[in-house]
Amino acid sequence: MSNKRRDFIKRGAVAALAMSVPMGATKSSLASSLIESISGHPPLSKANFEPYLNTRFAVYGAGSKVAEMTLIEVTDLKRSASRLAKLKNQPPLQECFSLLFDDSQMTRLPQDAYVVKHASLGKFSFLMVPVLTKRSTRSHYEVVINRLA
């Protein structure tokens, strides 16, 4: 069996598992560890990225490496759904945060989907958007992650 077929089967199993687990059960550590063991990397959460501030990430586009960037900021984006959940004494329904990357090499990348790799976190596909910041002498790129909790 080819690696592509195995990856497809693994991803299908994760999707089937996610669809069959009730929303409240997804918060259990058992479900999270099961999803992590099948997919090969931890779920996208703010807590998983915070320890890797000021570390390097390799960015790939069209199959080749296009840049090396440093994660300089992880920002919690408050959502109205989270505020409503707090008012009702319930956990937030979603986690929304942004990752800000600094490109010291001044690579000019267009807004696009890129594969981002980190030695400890693994490989992810993100929509990266060039942004202007107060540090305007360098290139910065933002990724916004909005996931159901």
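Which residues does Asp102 touch, not counting residues up to four places away in sequence?

A: The model is a predicted one, in which local features need pLDDT of at least 70 and side-chain atom pairs count only at pLDDT 80 or more, while totals for chains, interfaces and linings use all residues. Residues are numbered from 1 along each chain as its sequence is written, and side-chain values use heavy atoms, with hydrogens and water left out.

Asp102 touches Met69, Thr70, Ile72, Arg138, Ser139 and His140, once residues up to four places away in sequence are set aside; contact here means heavy atoms within 4.5 Å. Asp102 lies in strand β3, which covers residues 94-103, where strands (E, at least two residues) and helices (H or I, at least four) are DSSP runs numbered from the N terminus. Asp102 counts as buried because its relative accessible area is 9%, buried meaning under 20%, exposed over 50% and partly exposed in between, with a 1.4 Å probe and protein chains only. The side chain of Asp102 also makes a polar contact of 3.3 Å with the side chain of His140. A polar contact is a pair of N or O atoms within 3.5 Å; within protein, one must be able to donate a hydrogen and the other to accept it, and residues adjacent in sequence count only if both atoms are side-chain atoms.

One of the residues that Asp102 touches is Thr70, which has its place in strand β2. Thr70 is counted as buried because its relative accessibility is 14%. Beyond its neighbours within four places in sequence, Thr70 is in contact with Asn54, Thr55, Arg56, Leu100, Phe101 and Asp102, and the side chains of Thr70 and Arg56 make a polar contact of 2.8 Å.

The setting of these strands is a closed barrel of 6 strands, running β1-β2-β3-β6-β5-β4 with antiparallel pairing; two strands pair if DSSP finds at least two bridges between them. From one strand to the next the twist averages 45°, with axes as lines fitted to C-alpha atoms (for helices over the stretch in contact) and angles from 0 to 180 degrees between N-to-C directions. In the antiparallel sense, β1 pairs with strand β2 (residues 64-76) over 6 bridges and with strand β4 (residues 112-118) over 3 bridges. Tyr60 shows these two pairings at one residue, with Lys65 as its bridge partner in β2 and Val115 as its bridge partner in β4.

The hairpin formed by β1 and β2 has 2 residues between the strands, and Ala62 in its turn has a positive phi of about 55°. Gly63 is found in the loop between β1 and β2, and Gly63 is exposed because its relative accessible area is 77%. Although Gly63 and Tyr114 are 51 residues apart in sequence, their C-alpha atoms are 9.3 Å apart in space. Elsewhere, Gly122 in strand β5 (residues 122-131) is partly exposed, with a relative accessible area of 27%. Not counting residues up to four places away in sequence, Gly122 touches Val116 and Lys117.

For the chain as a whole, there are 4 helices and 6 strands, which follow the pattern α-α-α-β-β-α-β-β-β-β along the sequence. Of the 149 residues in the chain, 28% are buried, and among contacts between residues at least 6 apart in sequence, 60% join residues at least 24 apart.

A word on confidence belongs with this picture. The mean pLDDT of the chain is 76, and 59% of its residues reach 70 or more, pLDDT being the predictor's confidence in each residue, from 0 to 100. Where pLDDT is low, the predicted coordinates should not be read in detail.
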